[in-house]
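Please look over the structure shown here before reading the notes that accompany it. The notes move from the whole chain to single elements and residues.

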Amino acid sequence: MYTFVYYLFYPFFRLFCHFKVTGRENIPKGNFIAIANHTAYKDPLILAYAIKRKNIRFIAKSDLQRFFFFKIVFNALNVIAIKRKSSDMGALRESIGAIENGDILCIFPQGTRIKGEAPKKEQALAGVGLIIAKSKSDVLPIAIKYPNNAGGCRKIRVSIGKPITYDEYMALDENGEEPRRVETAQRVFDEVCRMHNEM
């Protein structure tokens, strides 16, 4: 189903959305967690086309399923729906299971679209840190930049950074303690923010 959706939307998407991807050589060969800033509804499509792998699964807020279109997309692409503002252990287990099964997990740490401003590490949600820490996977930072951070379809740039390892994002702090979940999320998302600012 993923391949069908990919080739169904790809010609239309490339015709109307102009974007350039750099850093594809940094994409690991195995499974990993990809994180990116979130500005527009098309960001998942941009991520999928940038990574170009079939075994991609996205995490998205369950609220979107109230819309018929998104419900169909969620089912077709096997999206992991997560309940915001609650401890959704079912989504956590499904996320970890997807990684263990060899899938690539794509997460937007901000949890929602934020237009008109550059991403900030403080926007990263603690739940993202929990998933990352439990998975012990490499994290691939990806920055998506629109002109004026407005989410249009022209002059979109995508930068894929080098993977962040478990030892890096779980490094002990100055007090010799492991980072809390929110700190873990901010550590990895800070790299996305840095890349975004330098684009």
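Predicted model: local features only at pLDDT ≥ 70, side-chain atom pairs only at ≥ 80, totals over all residues.

The protein contains seven helices and seven strands, which follow one another along the sequence in the pattern α-β-β-α-β-α-β-α-β-α-β-β-α-α.

**Overall make-up**

- The protein has 199 residues, of which 47% count as buried.
- When contacts between residues at least 6 apart in sequence are considered, 71% of them join residues at least 24 apart.

**Helix α4**

- Helix α4 takes in residues 89-100, and because each residue should contribute 1.5 Å, its twelve residues should span 16 Å, which agrees with the 16 Å that separates its end C-alpha atoms.
- The buried residues of α4 include A91, L92, S95, I96, A98 and I99; they cover an arc of only 155 degrees around the axis, and therefore lie on the same side of α4.
- An α-helix has 3.6 residues a turn, so residues three or four places apart point the same way.
- R93 and E100, in contrast, are exposed on the other side of α4.
- Just after α4 comes G102, which takes a positive phi of about 95 degrees.

**The cavity**

- The structure holds one cavity of 30 Å³ or more, and the volume of the largest cavity is about 40 Å³.
- The residues that line the largest cavity are N37, H38, T39, Q110, I114, E117, A118, P119, N149 and H196.
- Rolling a probe the size of a water molecule over the atoms shows where empty space is left.

- P163 lies in the loop between β7 (156-160) and α6 (166-169), where P163 is partly exposed because its relative accessible area, 29%, falls between the 20% and 50% cut-offs.
- Although P163 and N26 are 137 residues apart along the chain, their C-alpha atoms are separated by 7.0 Å.
- N26 is also among the contacts of P163 once neighbours within four places in sequence are left aside, and the others are P28, D138, V139, L140, P141 and E168.
- T184 belongs to helix α7, residues 181-198, and T184 is buried because its relative accessible area is 0%, where buried means under 20%.
- Not counting residues up to four places away in sequence, T184 touches G129, I132, Y169, M170 and P179.

- N148 is found in the loop between β6 (139-145) and β7, and phi of N148 is near 60 degrees, which is a positive value in a residue other than glycine.
- With a relative accessible area of 71%, N148 counts as exposed, so it is above the cut-off of over 50%.
- K155 is likewise placed in the loop between β6 and β7, and K155 has a positive phi of about 55 degrees although it is not a glycine.
- K155 is exposed as well, with a relative accessible area of 68%.

Methods. Residues numbered from 1 in each chain as written. Heavy atoms only, no water. Helix = DSSP H or I, 4+ residues; strand = E, 2+ residues; numbered from the N terminus. Buried < 20%, exposed > 50% of the residue type's maximum accessible area, 1.4 Å probe, protein only. Contact = heavy atoms within 4.5 Å. Expected span 1.5 Å × (residues − 1). Arc of directions from axis to C-beta. 1 Å grid on protein atoms, 1.4 Å probe; cavity = no way out; pocket = protein on both sides within 12 Å on 5 of 7 lines; lining within 4 Å. Points joined across faces, edges and corners; volume = space filled by probe spheres on them.
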